[in-house]
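Thank you all for making time this morning. Please have a look at the sequence and the model before I start.

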Amino acid sequence: MAAIKHTLSALVEDKPGVLNRVSSLILRRGFNIMSIAVGRSEIPGLSRMVIVVDGTNTAVDQVRKQLVKIVRVVKVTDISDESIVSRELALIKVKSTPETQSEIIQIATDVFRAHVVDINPESIMVEVSGDDDKVNSLIELFRGFGIIEVARTGLIAITRGTLGPLWRQESEQS
């Protein structure tokens, strides 16, 4: 069975050490974490963790079941097959000269709908958000100018609709 990219969405307690326990369990199972992003959720005291891993459906489902057994993990759902909205944020610092500044700004703002967040005589910093392909495409275009530095958040994602998959199962049982 071929490995495919899976996006796991988890609600976890907002406590020290939870990220370490989750990432350690995934690594012990031999998965490479392609992306992991954690932030506060809509529920006080709980954080949403979005984890992107590469693996077979069976192997990733086993990891999901193991994650649920961690005391501070409330719920884990594989949202790979769901209709989701996903984004990644990146800050890209690009070398510039007076001759290349307008071209860099035009590529960033007109083509990629990115924002210029800092300019100095030798560099421009651009903020871009979107899916993985969009961020990667902009980085590849900027390589020709010379990339100084890149910082990426990792993928964040939630499902479309009024009831997310984390709460769907509870709703169906009641």
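I will go through a strand pair, a helix pair and then some salt bridges.

A word on the source: this is a predicted model, in which local features need pLDDT of at least 70 and side-chain atom pairs count only at pLDDT 80 or more, while totals for chains, interfaces and linings use all residues. Residues are numbered from 1 along each chain as its sequence is written, and side-chain values use heavy atoms, with hydrogens and water left out.

Let me begin with the strands, where helices (H or I, at least four residues) and strands (E, at least two) are DSSP runs numbered from the N terminus. Strand 2, residues 33-40, pairs with strand 3, residues 46-55, in the antiparallel sense over 7 bridges, and pairing here requires that DSSP finds at least two bridges between the strands. Ile 33 has Val 53 in strand 3 as its bridge partner.

Now to the helices: helix 3, residues 101-111, packs with helix 4, residues 132-143, at an angle of about 170 degrees, their axes being 11 Å apart. The axes are lines fitted to C-alpha atoms over the stretch in contact, with angles from 0 to 180 degrees between N-to-C directions. Helix 3 and helix 4 are therefore roughly antiparallel, a term that applies to angles over 145 degrees. Where they meet, Ile 104, Ile 107 and Ala 108 in helix 3 face Leu 138, Leu 141 and Phe 142 in helix 4, contact being heavy atoms within 4.5 Å.

Finally, the structure holds 9 salt bridges, each a side-chain nitrogen of Lys or Arg within 4 Å of a carboxyl oxygen of Asp or Glu. One of them joins Arg 152 to Glu 88, with the closest N and O atoms 2.6 Å apart. This pair links distant parts of the chain, as Arg 152 is in strand 8 (residues 147-152) and Glu 88 in strand 5 (residues 84-95), 64 residues apart.

Is Glu 88 buried or exposed? At 7% relative accessibility Glu 88 counts as buried, whereas Arg 152, at 34%, counts as partly exposed; buried means under 20% relative accessible area, exposed over 50%, and partly exposed in between, with a 1.4 Å probe and protein chains only.

Another salt bridge, between Lys 65 and Asp 61, has its closest N and O atoms 3.3 Å apart, and both residues lie in helix 2 (residues 57-68), 4 residues apart, about one turn of the helix.

Note on methods:
Parallel < 35°, antiparallel > 145°, perpendicular 65-115°, else oblique.
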